[in-house]
Structures are given as C-alpha cells and as structure tokens.
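Here is a colleague's note for someone opening this structure for the first time. Please read the points below with the model in view.

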Amino acid sequence: MRMQQEEVVREVTAWLVRRLPGTWFAGPPEVTADGEEILVVGRLPDGAEDPVERARRFREETREPRVLLASELERRYRRKVSWGVDCGDERLLFTTLSVPVMTRLRLPERRVLDTLIDAGVARSRSDALAWCVRLVGTHEADWISELRTALVAVKRVRAQGPDP
C-alpha cells in the first residue's frame with residue numbers, strides 16, 4: 001500500500017532535518033511529494049551575492065552530498081528526489097521530473113492548446129497544457145489550497161468509517 005503523501009512529507013522532512021548540514025539552509029527545507037517525486041526546497045541564508053549566483057554556487061558545492069541523500073531517500077520511498085532553493089525572491093529548481101500524463105481533449109480544448117502554440121506561448125500541446133495548469137495554479141492558488149485541505153478531511157473521515 002502506498003504511503004499517504006502527507007506522511008511521506010513529514011517523514012522526509014524529519015529525516016532531512018537530522019542529516020542536512022546546518023549551514024545549507026536558513027531553517028528546515030520545504031518538502032512536497034506525489035507518487036513519483038519528492039521535491040526538497042531550502043531557503044538559502046541571506047547574502048550580498050546575486051541570488052542566482054548564490055544558488056548556482058550552492059548547487060555546485062553541495063552536489064555530491066545531495067546526490068547521496070537523494071539516493072538513500074529514493075531507495076526508501078521508491079520515488080525520485082529533486083532539489084531546489086529559495087534565494088531572495090527567486091525559486092530555482094535544480095532537478096525535477098517531467099512526468100507524462102494522459103488526457104483526452106475534445107476539439108475545442110485542443111484548439112486552445114493549438115492557439116497557444118500558434119501564438120508562440122508553447123512549443124507543443126504538452127507545453128501548452130503545462131502552461132495552462134501553471135496558470136490555473138497561479139491564479140487559483142487559494143482555491144486549490146482549500147480544495148487540498150478539504151480532501152485531507154475527506155480521507156480522514158473515510159479512514160474512520162467502516163471497511164467496505
């Protein structure tokens with residue numbers, strides 16, 4: 001049985017807090033997960049250097065220990081581990097998965113994607129669909145957050161109910 005995502009996030013966060021060097025991040029990392037990937041994002045300590053340059057330097061200097069940590073987590077949770085940093089107002093992701101998702105679209109929906117391609121917003125239908133998902137996520141972040149909270153409550157109630 002697959003472990004609940006929230007439980008994975010709690011366990012991975014606690015595991016990383018015990019193992020990450022204290023100089024890497026200003027506080028515990030933000031961990032998110034789905035069935036394929038665990039994403040670890042830490043806030044870099046403030047500095048005078050350009051944020052993008054600080055992120056680049058951090059990525060290079062921590063590559064080997066991050067790979068070792070990721071390998072251990074990947075064996076334990078059978079998911080790829082990706083890394084990123086928050087630096088100033090920038091979020092830079094170093095390694096992330098791009099997972100194919102099957103969807104069925106009717107002609108009007110395909111036309112929307114094709115219009116985005118024709119306008120140069122996207123290179124392919126796949127890129128156009130990803131762009132649409134990011135757009136909804138950006139503009140409806142509060143609604144999606146409330147929806148996720150409601151789903152957690154539904155799962156909890158279902159778990160307390162009788163077995164089918």
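1. The model is predicted, with local features requiring pLDDT of at least 70 and side-chain atom pairs pLDDT 80 or more, while totals for chains, interfaces and linings use all residues. Residues are numbered from 1 along each chain as its sequence is written, and side-chain values use heavy atoms, leaving out hydrogens and water.

2. A search of the whole structure finds 5 aromatic pairs; rings of Phe, Tyr and Trp (its six-membered ring) pair if their centres lie within 6.5 Å, and planes under 30 degrees apart count as stacked, over 60 as edge-to-face and the rest as tilted. One of them joins tryptophan 24 and tryptophan 83 edge-to-face, at 6.4 Å centre to centre and 80° between the planes. Tryptophan 24 lies in the loop between α1 (5–19) and β1 (30–33), whereas tryptophan 83 sits in strand β3 (residues 80–87), 59 residues apart; helices (H or I, at least four residues) and strands (E, at least two) are DSSP runs, numbered from the N terminus. Tryptophan 24 and tryptophan 83 are both buried.

3. The ring centres of phenylalanine 25 and phenylalanine 58 are 5.4 Å apart with planes at 45°, so this pair is tilted. Ring pairs link Trp24, Phe25, Phe58, Trp83 and Phe94 into a cluster.

4. Strand β3 pairs with strand β4 (residues 90–95) in the antiparallel sense over 5 bridges, pairing being assigned if DSSP finds at least two bridges between two strands. Valine 85 has leucine 92 in β4 as its bridge partner.

Definitions and conventions. Buried < 20%, exposed > 50% of the residue type's maximum accessible area, 1.4 Å probe, protein only.
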